[in-house]
Amino acid sequence: MASRSAALCFSAAAVATTTSTGGRTSSRNRLWVVCCDSSRKSDLLSSSLAAKVLGAPTTFDAEKLTVQFARQDHHRRPAFPRAYTLSHCDFTANLTLAVSEIITIDQLRRWRPDDVFAEWKQMTSCSGGAGEMTLHLHCLVSGRNPLQGLAAGFRYYVFSKELPLVLKAVVHGDGALFADRPELMEAQVWVNFHSASTKYNRIECWGPLREAAERNLLDGRLDELQSEISKRRRKWSIFNALVSLFL
């Protein structure tokens, strides 16, 4: 049993919260939707440790990418819309892009923490007809395990930094598709961060694929961020000195 939107059924995609009103218990899902043009500076500054250790995004190397199509017959590639699974090896930095027609339930059950799923979806227009194609990415930030929750913020920033690499792998690995349909480079990219934390369980719009693949986590503000971190360090040092004086 499979569904093209199976990734949206992942149990951690929506966090259930329970409230009690007048003796009645209700459950609702919390999900943050972030606009394409929203500033993320405050989020980055809230985790200066993560920002400091991230470093520059990984450079895409086509020679390290292996592409696997679901059909053995390369003359019959998966139908469109299609789905992708990108996995990597920490030791060799090799990437594997699996291209298939759908994301299956079995794939979700074997979802490794660092794998990224992607799927093409056709939006519905206001009139109810077929709308534009959009590309949806799915990242597992954290699950129900409390220990995973401790690293949720760090994993969120790592994914945000490396997702342009994922998009470049998709564009390069499925190059024949984009050669036939160049308009897909203008498709909107929606990133689904799946987390048990209400802060990181969110959906972000990254704009057109052409721009999202070249996106930088800090948007050219690395010097500004490092300056802000230095200011906070100085304030903390002054505070520590005053505390020591009175003690």
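Rings of Phe, Tyr and Trp (for Trp, its six-membered ring) form an aromatic pair if their centres lie within 6.5 Å; planes under 30 degrees apart count as stacked, over 60 as edge-to-face and the rest as tilted. The model shown is predicted: local features need pLDDT of at least 70 and side-chain atom pairs count only at pLDDT 80 or more, while totals for chains, interfaces and linings use all residues. Residues are numbered from 1 along each chain as its sequence is written, and side-chain values use heavy atoms, with hydrogens and water left out.

**View 1. The whole chain.** The chain has eight helices and 12 strands. Helices (H or I, at least four residues) and strands (E, at least two) are DSSP runs, numbered from the N terminus. Of the 247 residues, 39% are buried; buried means under 20% relative accessible area, exposed over 50%, and partly exposed in between (1.4 Å probe, protein chains only). Contact means heavy atoms within 4.5 Å. Among the contacts with a separation of 6 or more, 65% come from residues 24 or more positions apart.

**View 2. The aromatic rings around W120.** The count of aromatic pairs comes to five. One of them joins F80 and W120, which are tilted at 55° between the planes, with 5.7 Å centre to centre. F80 sits in the loop between β5 (65-69) and β6 (83-88), and W120 in strand β9 (residues 116-124), 40 residues apart. F80 is partly exposed, at 23% relative accessible area, whereas W120 is buried at 0%. W120 also forms a tilted pair with F178, at 6.1 Å centre to centre and 55° between the planes. Because F178 lies in helix α6 (residues 175-180) and W120 in strand β9, this pair ties together parts that are 58 residues apart in sequence. F178 is buried, with a relative accessible area of 8%.

**View 3. An aromatic cluster and a charge over a ring.** Y156, Y157, F193 and Y200 make up one aromatic cluster. R215 lies over the face of W206, 4.3 Å from the ring centre. A charge sits over a ring if NZ of Lys or CZ of Arg is within 6 Å of the ring centre and within 35 degrees of the ring normal.

**View 4. Helix α5.** Helix α5 (residues 152-173) has 22 residues and should span 32 Å at 1.5 Å a residue, which agrees with the 29 Å between its end C-alpha atoms. The expected span is 1.5 Å times one less than the number of residues. A kink of about 40° lies at E162, shortly before the proline P164; the bend is the angle between axes fitted to the seven residues ending there and the seven starting there. In α5, 17 of the 22 residues are buried.

**View 5. The nonpolar cores.** A nonpolar core is a set of buried Ala, Val, Leu, Ile, Met, Phe, Trp, Tyr and Cys residues joined through side-chain atoms within 4.5 Å. The largest has 37 residues, of which Y84, W120, L137 and L163 touch the most other members. α5 gives the most to this core, with 10 residues. Leaving aside neighbours within four places in sequence, L163 is in contact with V116, L137, C139, V191, F193 and W206. A second, separate core of six residues includes L108, W111, F117 and L140.
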